[in-house]
Every structure is written in structure tokens, then in C-alpha cells.
Amino acid sequence: MKNKTIPLIFSALLCILMMSCQTIQFSKNPEAFVPQMPPAKKPYKFALVLGGGGSRGLAHVGVLEVLEQAGIKPDLIVGCSAGAIVGALYASRPESKWMKSILLAKNASHFLGFDFSEFPVALLSNRGLEKFLTQHLDNRRFQDLQIPFIAVATNLQTGRLTPFFTGPVVKPILASGAVPGAFNPVSLYNTYYVDGAVADPVPVDVARELKADFVVAVELSQPLSDTPPANLFDIMWRSMAINFAQLSRQNALKADVMIEIPFTDAGLFSDDKNINIYLSGRERAIEALPEIQKRLAK
């Protein structure tokens, strides 16, 4: 009886979702009001690209700490999803000790919450994250950040990766981390945006477009589990994980140095492994540091 009930529940849920009211309207000119990134006045010497990866983004804190302790400061930070959150905080206040104090003790409940008012477009609310960013970002506009910073998000209508670099910071960061299905798409400049990782989890091309001399990319994809999928949701999730990992690594390899931080036991919203994730970032950054110093010396 149980085996027959589960497919019926799934079928009923799918029917409800398909009959739900349409809440998103596409624009006739989806990119008409989006600021176009100007040509770089001069090449950036060192660009740091922080990739997406949910809770695994805490590894970026460890990477930034190692660079800071070595006296290395990026001239440009490009962040996607979790990388956009960490990147914006560091660009606003370049102090790894401060970042550790506000991030490592947090868990998913500080940033996320179920909100059925968003259903059927999303299951979670990012109001907690919005409140956190508003509270801790010393500079609320891109132009006022201490380090030049770019957040990327995916245009839901055109599918293009869009860099945000001017105006208020918080909303583009929310767009950059708007995981499809988990969070509502974010409306910006007369169109809707979702997680930047949908188009490019590690946006090295954005740094290259700004003619950065030397690019370091931090890649956070998760190795596939050895456990075979048990149902359609497992298959869907594994397929998305494969796509993310392939795209993430492919784009990270375009950097001069790639810091690869694989995790086998940290999911998208894991909140019980913060210290281990941070330490993994430190460990891999220390391994990559001699090569980074050698390249920068040239």
C-alpha cells in the first residue's frame, strides 16, 4: 500500500504546481535598464573570483584569511552566490577576523525560513539574509566599497549572466544567491534574476573582461555521492549536481590559479560543519599560496 501511496502524493503535488497562478511576468525589454559594465580604465593586477556553493562558501573566509596574512589584497573581487555574500562583506570591510566573528557561528536558520506566501515559486524566504547583509555591510553601495566588487546573477528571461557593479549592493547579492526552487527570483532593473551559478558558478570570464592581469578562482563543487539514487528527486538532484560540478570546474580552469576545495559531506544548506569548511579553505589556500606569490612577483 505504501509503494502506491508515494507516487500518488508526488502526482498530486505536481498537479497543484502546474495549476498554480502565474506570478512572474517577463519584460519586453529585459536588459534595457541594466547598467552596462564600462571598459576598465586600467587593468586590475589581481582579481579573486569566489564561486558559488551554498554553505560551502565559508571556505572563502579561510582563503581570504590566508591571503590577508600573506599581505596579499585583491584589486578586484568577483562573487557568485555564496561567493557574492562573502565577497561583498570582505570588499566592504577587508578584515578576515571580523568576517569569522560574524559568519562561523551562524547556521541556516539565521538566514533562511519557510515562507508559504512564496509558494509555488519558492519554498524559503531570504529575508533573514537580507537583514544580515543590511546590518553588516558598512558600505551599502558598490561605489563605496573598499575593494572593487562585482556580483553576478542569471537573467531568468534571457539566461545570460549579468554582472552588477553599481548602485545598492544588497539586492544584487540576494539575486546572485536566489537558488531556483528555494528562493523567489529577485526583481532588478525591470526583470527577474536567479542564482548566478545557473549560468556560471565561477565567473572568471567577468574578471577577464575587465582585463585582470592575474586571476585566482576558488571552486567549491561537491563530489558525487557513491549512494545510488532511490527516487525521482534523487535523480533530479544528482543530475543538477553533475551539471553544476562540470560547469564550475570548466570555468574555474580559465583562471591562472584554481583553488579547488571539494567537499564530500557538506550540502547546500549544511550548518553543522562551519569550522571544517572554513579550515578546508585555509588548507587549500596555503597549498596554493607559493604559486600565487610566485605569479604576483612577476
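Student: How many residues in the lining of the second largest pocket are nonpolar, how many polar and how many charged?

Tutor: The lining divides into 15 nonpolar, 2 polar and 4 charged residues. Here Ala, Val, Leu, Ile, Met, Phe, Trp, Tyr, Cys and Pro count as nonpolar, Asp, Glu, Lys and Arg as charged, and the others, Gly among them, as polar. The model is predicted, with local features requiring pLDDT of at least 70 and side-chain atom pairs 80 or more, while totals for chains, interfaces and linings use all residues. Residues are numbered from 1 along each chain as its sequence is written, and side-chain values use heavy atoms, without hydrogens or water.

The second largest pocket holds about 440 Å³ of space. Of its 21 lining residues, those closest to its centre are Pro38, Tyr44, Pro148, Phe165 and Leu210. (A pocket is an open set of points on a 1 Å grid over the protein atoms alone, where a 1.4 Å probe fits, with protein on both sides within 12 Å along at least five of seven lines; lining residues have an atom within 4 Å of a point.) Its volume is the space filled by probe spheres set on the points, which are joined across faces, edges and corners.

Phe149 lies in strand 5 and is buried, with 4% relative accessibility.

Strand 5 (residues 149–155) runs antiparallel to strand 8, joined to it by 3 bridges; strands pair if DSSP finds at least two bridges between them. On its other partner, strand 7 (residues 186–188), strand 8 also has 3 bridges, again antiparallel. Tyr193 of strand 8 is the bridge partner of Asn155 and of Val186. Strands 7 and 8 form a hairpin with 2 residues between them, and Tyr189 in the turn has a positive phi of about 50°. Strand 8 (residues 191–195) is mostly covered, as 4 of its 5 residues are buried.

Asp195, in contact with Ser81, leads onward to the loop between strand 2 (76–80) and helix 3 (82–92), where Ser81 is placed. Ser81 is buried at 7% relative accessible area, and it also touches Gly52, Ser176 and Gly177. Asp200 sits in the loop between strand 8 and helix 8 (204–209) and is buried at 6%. Its contacts beyond four places in sequence are Cys80, Leu161, Leu247 and Asn251.

Finally, the chain as a whole has 10 helices and 10 strands. Of its 298 residues, 47% are buried. Among contacts between residues at least 6 apart in sequence, 76% join residues at least 24 apart.

Methods: Buried < 20%, exposed > 50% of the residue type's maximum accessible area, 1.4 Å probe, protein only. Contact = heavy atoms within 4.5 Å.
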